[in-house]
Amino acid sequence: MKEKNEATETTEEATAAEAVSDTAKLIAELEAKVKENLDLAKYQKAEFENYKRRNQNAVTAAFQDGQSYVINLLLPIFDGVVEAGKKIADPADLAGFEIIRKKLDELFQKLGIEVIATKDQPFDPKLHNAVAVEKVDGVKPDMILEEWQTGFTFHGHVLRPAMVKVSGA
């Protein structure tokens, strides 16, 4: 009977050892699966953050494109007000145009539209469009002599270059 007990105990020990071994394998598999799922979750989180950033950049770019479109539609109106103001002799009428011009200037300032400087400035082909060249004694070459149309920038990008007359060599 002792032999039977020993054989049963040995079988039970082997079964228990097998169960422990199977449990250890299962734990290792589950830990690997947990790590895999955690890595996948981190990857998905990073992908979503990148998506949100790309989407925000696209929305911002689309908004600025829309603003640029509308601003470009306003520029001829601005030019018309400036030209009309130059041709009006009656001070009362001129005051009305100056109010409109001031309102346009305030609007442009709120939107971040900046006038391209031309007075006493050297010619810059990125900002200015030279439509005439004139040699003038006592003036360095490539200096702006006269502005024919105001130029504007919007968020660092040229909306419209300033049309200018430049001194020649």
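**Entry 1. Arg160**

I started with the contacts of Arg160, leaving out residues up to four places away in sequence: Arg160 touches Leu75, Asp79, Ile116, Gln149, Thr150, Gly151 and Phe152. Contact here means heavy atoms within 4.5 Å. I note that this is a predicted model, in which local features need pLDDT of at least 70 and side-chain atom pairs count only at pLDDT 80 or more, while totals for chains, interfaces and linings use all residues. Residues are numbered from 1 along each chain as its sequence is written, and side-chain values use heavy atoms, with hydrogens and water left out.

I placed Arg160 in strand S5 (residues 157–160). Helices (H or I, at least four residues) and strands (E, at least two) are DSSP runs, numbered from the N terminus. Arg160 is buried, at a relative accessible area of 13%. The classes are buried under 20% relative accessible area, exposed over 50% and partly exposed in between, with a 1.4 Å probe and protein chains only.

I then looked at Thr150, whose backbone oxygen lies 2.7 Å from a polar atom of the Arg160 side chain. A polar contact is a pair of N or O atoms within 3.5 Å; within protein, one must be able to donate a hydrogen and the other to accept it, and residues adjacent in sequence count only if both atoms are side-chain atoms.

**Entry 2. The largest pocket**

I looked up the largest pocket next and found about 180 Å³ of space in it. The search runs on a 1 Å grid over the protein atoms alone: a cavity is a set of points where a 1.4 Å probe fits but cannot get out, and a pocket is an open set with protein on both sides within 12 Å along at least five of seven lines. Lining residues have an atom within 4 Å of a point. Grid points are joined across faces, edges and corners, and the volume is the space filled by probe spheres set on the points.

I listed the lining of the largest pocket as Phe78, Asp79, Val82, Glu83, Lys86, Arg101, Glu147, Trp148, Gln149 and Thr150. Helix H1 (2–87) and strand S3 (144–149) are the elements that give two or more residues to this lining. H1 gives the most, with five residues. By class I recorded three nonpolar, two polar and five charged residues in the lining. Ala, Val, Leu, Ile, Met, Phe, Trp, Tyr, Cys and Pro count as nonpolar, Asp, Glu, Lys and Arg as charged, and the others, Gly among them, as polar.

**Entry 3. Salt bridges**

I noted eight salt bridges in the structure. A salt bridge is a side-chain nitrogen of Lys or Arg within 4 Å of a carboxyl oxygen of Asp or Glu.

Glu83 and Lys86 are separated by about one helical turn, because they are three residues apart in helix H1. Glu83 is partly exposed at 35% relative accessible area, whereas Lys86 is exposed at 60%.

I then turned to Glu134 and Lys165, which form a salt bridge with the closest N and O atoms 2.8 Å apart. Glu134 is partly exposed at 34%, and Lys165 is buried at 15%.

I found Lys165 again in a salt bridge with Glu146 (3.4 Å, N to O). This pair also links distant parts of the chain, with Glu146 in strand S3 and Lys165 in strand S6, 19 residues apart. Glu146 is partly exposed at 35% relative accessibility. I recorded Glu134, Glu146 and Lys165 as linked in a network of salt bridges.

I checked two residues with positive phi. Asp142 has a phi of about 65 degrees although it is not a glycine. Asp142 is found in the loop between S2 and S3 and is partly exposed at 47%. His155, also not a glycine, has a positive phi near 55 degrees. His155 lies in the loop between strand S4 (152–154) and S5 and is partly exposed at 43%.

Last, I looked at Ala61 in helix H1, which is partly exposed at 36%. I noted that Ala61 and Val82 are 21 residues apart in sequence and 31 Å apart in space, C-alpha to C-alpha.
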